[in-house]
Amino acid sequence: MIRADHISKTFEGRTVLDDISVEFETGKTNLIIGRSGSGKTVLLKSLVGLHEVDSGKIFFDDVCYTDLGFRERKEIRKDIGMIFQGGALLDSSTVRENVRLPLDLFTEMTEGEKRDRVDFCLERVRLVGADHLYPSEISGGMVKRVAIARAIVLNPRYLFCDEPNSGLDPQTSVVIDNLIHDITKEFNITTIINTHDMNSVMEIGEKIVYIHEGHKWWEGSKDNILQAENPELNDFVFASAMAKRAKSVAK
Amino acid sequence: MINLFENIGRYFMLLAKVFSRPEKMSIYRQRISFEIEALGFNSISLTAIISAFIGAVVALQMAITLESPFIPKFMIGYATREVMVLEFSSTVVALILAGKVGSNIASEIGTMRITEQIDALEIMGVNSASYLILPKIVATVIFFPILTLFSIAVGIVGGYVIASSTGMMLTGDYIEGLFYCFEPFSFTYALVKGAVFAFIITSISAYCGYYAKGNSLEVGRASTLAVVASSVTIMIFDLILTQIMRV
């Protein structure tokens with residue numbers, strides 16, 4: 001479980017997150033949704049510790065992350081996997097080297113054990129045979145899958161995904177969504193996904209938090225998002241003319 | 001002015017992070033070997049070309065300038081050696097490498113910053129500053145003094161080739177000049193300068209890249225700033241070291 005307790009964040013006098021309290025559950029795919037510029041990336045980066053919050057507390061299970069020092073945070077970070085919007089793979093390393101890096105740095109595994117673990121993770125994301133390629137030589141969808149493999153290689157307890165579908169075609173997006181969802185269930189991870197892709201919301205949104213202008217505006221699941229009466233949320237969810245027509249037909 | 005002090009403060013804070021205990025020495029050793037090849041070996045050809053031509057030009061200029069019956073011919077070899085050892089091979093090569101290696105480091109780390117690769121390392125629990133910058137500093141501090149010695153040798157050979165091929169002086173005179181009033185400490189001086197300048201180039205360029213923000217334009221700016229700041233700092237430290245280590 002990850003819990004944010006009244007967190008706020010300001011950049012150069014502009015309030016980006018305003019008194020947000022939310023709990024993300026273990027073993028579920030938790031989604032943060034909102035328009036571009038609504039503060040959802042800042043929320044995700046604050047949760048993971050890449051931004052320091054101005055006020056409020058963040059808890060990883062029972063541990064107050066915001067109260068921890070550099071070394072103690074480092075220990076928790078070994079339990080965190082993160083998938084960045086652009087993949088953030090190391091350009092100078094091959095697919096295999098990217099996935100293997102956390103094992104090299106933080107484990108005492110033998111060469112054989114590392115090889116087996118990397119093979120398992122690459123197989124899990126269906127990337128067998130691409131291990132010798134560099135990030136510049138693979139497609140956007142493959143980059144995301146390598147990022148997932150790297151994120152799970154140390155068996156994380158928490159998985160953060162920043163717009164994992166951005167720049168991908170709808171079919172590949174579904175593959176990535178399902179992969180993240182399956183991994184969450186398989187390893188009982190607390191997964192938080194930052195997205196504005198409504199397909200993802202309807203596919204895997206077990207818990208959804210809607211952020212609007214730095215505030216938590218709505219909270220629920222994919223089953224009740226379509227019936228929500230919140231006007232800003234409805235504007236976001238039914239943004240296209242087709243979606244609006246579909247909603248009126250459904251009514 | 002406040003901005004300058006802020007940057008100096010951040011630079012030293014970054015250095016403290018860079019020199020904190022590495023995660024795993026074996027990984028760092030591999031990275032140091034990689035950086036020696038990338039930053040050191042790949043600079044050999046540029047250093048060789050520039051040093052050979054500068055050595056030749058210095059010898060030629062000396063031959064023209066010292067055209068007098070009262071000045072012995074071996075002074076050309078002597079002057080070439082002194083120019084190469086005392087200033088050119090350490091300082092001028094460092095300025096050239098600030099352009100090549102410095103901009104390379106700043107743009108590499110800057111690109112890693114804006115594409116969130118550094119954030120990804122931090123999330124993994126890696127000390128990104130130490131992981132990325134320390135191997136580069138160690139590699140250049142080890143290799144640049146070797147490059148300085150190489151530059152001295154190539155420059156002197158360049159002078160010898162021009163002396164022998166133009167017939168402006170006897171090669172025997174040139175060689176005699178090379179050993180005239182030879183002071184071995186001047187090599188120590190050149191090596192120390194090479195190591196100090198290597199540290200300056202690498203750390204300042206890494207700093208400029210590490211704190212790059214925004215987009216590719218900013219990476220370009222960081223790269224330019226790295227070259228300018230390294231070059232100015234090299235000149236300041238050249239003056240300081242010359243005063244401290246007067247030969």
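Visitor: Which residue in β2(A) is the bridge partner of K9(A)?

Guide: L17(A) is that partner. Bear in mind throughout that this is a predicted model.

Visitor: How many residues lie between β1(A) and β2(A) in the hairpin?

Guide: There are 2 residues between them, and E12(A) in the turn has a positive phi of about 45°.

Visitor: Now the open sheet. In what order do its strands come?

Guide: The order is β6-β7-β8-β3-β9-β10 in chain A, 6 strands with mixed pairing.

Visitor: Why are β6 and β10 of chain A called edge strands?

Guide: Each pairs on one side only. Strand β10 covers residues 215–220. On average, neighbouring strands of the sheet are turned by 20° against each other, direction ignored.

Visitor: What makes β7(A) a partner of β6(A)?

Guide: The strands share 4 bridges, and at least two are needed, so they qualify as a pair. β7(A), residues 158–162, runs parallel to β6(A). I80(A) has Y158(A) as its bridge partner in β7(A). M82(A) stands opposite F160(A).

Visitor: Which residues of β6(A) point which way?

Guide: I80(A) and M82(A) point one way, while G81(A) and I83(A) point the other way. In a regular strand, side chains alternate between the two faces of the sheet. Here, all four of these β6(A) residues are buried.

Visitor: Which helix lies across β6 and β7 of chain A?

Guide: Helix α5 (residues 140–152) of chain A does, running at about 175° to β6(A).

Visitor: How many residues does each chain bring to the contact between chains A and B?

Guide: Chain A brings 15 residues and chain B brings 13 residues. On the chain A side, α2 (70–77), β6 (80–83) and α3 (95–106) each supply at least two residues. α3(A) gives the most, with 4 residues. By class, this side of chain A has 10 nonpolar, 1 polar and 4 charged residues.

Visitor: What elements make up chain B?

Guide: Chain B has 9 helices and 0 strands. Its C-alpha atoms fill a box of roughly 70 × 40 × 35 Å along the principal axes. Buried residues make up 45% of its 247 residues. Among its contacts with a separation of 6 or more, 87% join residues 24 or more positions apart.

Visitor: Why are α8(B) and α9(B) called roughly antiparallel?

Guide: The axes of helix α8 (residues 185–210) and helix α9 (residues 216–244) of chain B cross at roughly 150° and come within 9 Å. The label needs an angle over 145 degrees, so α8(B) is roughly antiparallel to α9(B). The crossing of α8(B) past α9(B) is right-handed.

Visitor: Which residues meet where α8(B) touches α9(B)?

Guide: From α8(B), they include V196(B), F197(B), I200(B) and I204(B). From α9(B), they include L225(B), A229(B), T233(B) and F237(B). The residues of this contact divide into 14 nonpolar, 4 polar and 1 charged.

Visitor: One last residue. Why is I32(B) called partly exposed?

Guide: I32(B) has 18 other C-beta atoms within 10 Å. Buried needs 20 or more, and exposed needs 12 or fewer. The count of 18 falls in between, so I32(B) is partly exposed. I32(B) is found in helix α2 (residues 25–40) of chain B. Not counting residues up to four places away in sequence, I32(B) touches P135(B), V138(B) and A139(B).

Visitor: What separates the C-alpha atoms of I32(B) and I64(B)?

Guide: They are separated by 45 Å, with the residues 32 apart along the chain.

How values were computed. Residues numbered from 1 in each chain as written. Chains lettered and ligands numbered in written order. Predicted model: local features only at pLDDT ≥ 70, side-chain atom pairs only at ≥ 80, totals over all residues. Axes fitted to C-alpha atoms, helices over the stretch in contact; angles between N-to-C directions. Parallel < 35°, antiparallel > 145°, perpendicular 65-115°, else oblique. Left-handed = near helix turned anticlockwise from the far one by under 90°. Contact = placed C-beta atoms within 7 Å. Nonpolar A, V, L, I, M, F, W, Y, C, P; charged D, E, K, R; others polar.
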